[in-house]
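Hi everyone, thanks for making time. I've got one structure to walk through today, so let me put it up.

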Amino acid sequence: MSALSPYDLSYPELEELLTGWGEPPYRARQLWTWLWRRLATSYQGMTDLPKGLRARLAAELLFDPPRPGALQLDAEEGTEKVLLHLADGEAIEAVLLREGDRRTVCVSTQVGCPVGCAFCATGNMGFRRDLSPGEIAAQVLHFARRLRGSGERVSHVVVMGMGEPFLNYAATLKAIRNLNHPRGFGLGARRFTLSTVGVVPGILRLAREGLQLNLAISLHAPEDALREELVPLARSWPIREVLAAADAYVAATGRRVTYEYVLLAGVNDSPAQARGLARLLSGRLAHVNLIPFNPAPGLPFQRPAWPRVEAFRRELLRRGVDATVRRSRGVRIRAGCGQLRTRHPGR
Ligand code: SF4
């Protein structure tokens, strides 16, 4: 883990630190504004802070935003994927998706991932370490700085990159709270979507946070045996426990839960499996996101033909389950989970 950065601290922590140094509380407000609203890139540029304070900050809190490396663009789709190099030599990937007025950043929460989904390049890469709150937020700030040049802003954040956010719960929530803070970046809670493979304790904990975040749960199969093959971590939490936790989340927040379902040809895309999924979800405040698999070298799965995808969706709709097909954006730039990182090992 790298040294503490100012982006690792919450507002109260920053205020406590600065007042502990003998600074008046308004210095924390100034610093917070520089960090999160004015998107500063160094302490040197924070010209309304005394030189002595800037020097002490530089000595005690490492200001070292990740350095952008390999960049992949798809001008037609408006998708940008960047490899960000961290202070300790590791690398993570972050993606900017443009859709209408939306500017969505997809962030990673871990370097690699311990879940090991059979269809995921990151899962096959293994787990290296958790990201700090500052490293998670830095991915959003990277694109916020880029967009600022054209007068645009990040409008949404999806926590769907490398890693399982609920296995790095505290850092993920701290990054979200910091990005949500009204005096700083100020992105509304409903603009965030957290995606989990169904880590039940994490879902229940999130339900108690008092935050109106969107929750997405990756199901990928309507029965436990297949789900455990595709998502090895699912062995810890059978589908009925995951759905019970999702129900608790809906009861606490009133937010509809999204269920992600990667469609793999001949594996989980049959009409019978669609009916099984509908049986699980009908009557629940739920939406299904069907994601035709994004083919990748070394992964033994294929994308279903389009009629098969449509037939799956129709089975769900016929049974009263709301479902859409998410276009696998970034196919041409290989923006599937973990694919950029695997091609450019960080060290
Ligand atoms: S799909 Fe997500 S949870 Fe599964 S291995 Fe990849 S990064 Fe981890």
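Okay, let's begin at the ligand. It has 12 residues around it, and the closest are Cys113, Val115, Cys117, Cys120 and Gly123; here a residue counts if its C-beta atom, placed from the backbone, lies within 6 Å. By class, that shell is seven nonpolar, four polar and one charged, where Ala, Val, Leu, Ile, Met, Phe, Trp, Tyr, Cys and Pro are nonpolar, Asp, Glu, Lys and Arg charged, and the others, Gly among them, polar.

Quick housekeeping: this is a predicted model, with local features needing pLDDT of at least 70 and side-chain atom pairs 80 or more, while totals for chains, interfaces and linings use all residues. Numbering runs from 1 along each chain as its sequence is written.

Most residues other than glycine have a negative phi. Leu39, though, has phi near 55°, and His220 is positive too, at about 65°. Leu39 sits in the loop between α2 (25-37) and α3 (51-60), and His220 in the loop between β9 (214-218) and α8 (224-230); helices (H or I, at least four residues) and strands (E, at least two) are DSSP runs, numbered from the N terminus.

Buried or exposed, what about His220? His220 is buried, with 26 C-beta neighbours inside 10 Å, whereas Leu39 has 15 within 10 Å and is partly exposed. The cut-offs are 20 or more other C-beta atoms within 10 Å for buried, 12 or fewer for exposed, and partly exposed in between.

Last one: Val157 touches Val105, Val107, Val140, Leu179, Leu187, Arg191 and Phe192, leaving out residues up to four places away in sequence. Contact there means C-beta atoms, placed from the backbone, within 7 Å.

Notes. Contact = placed C-beta atoms within 7 Å.
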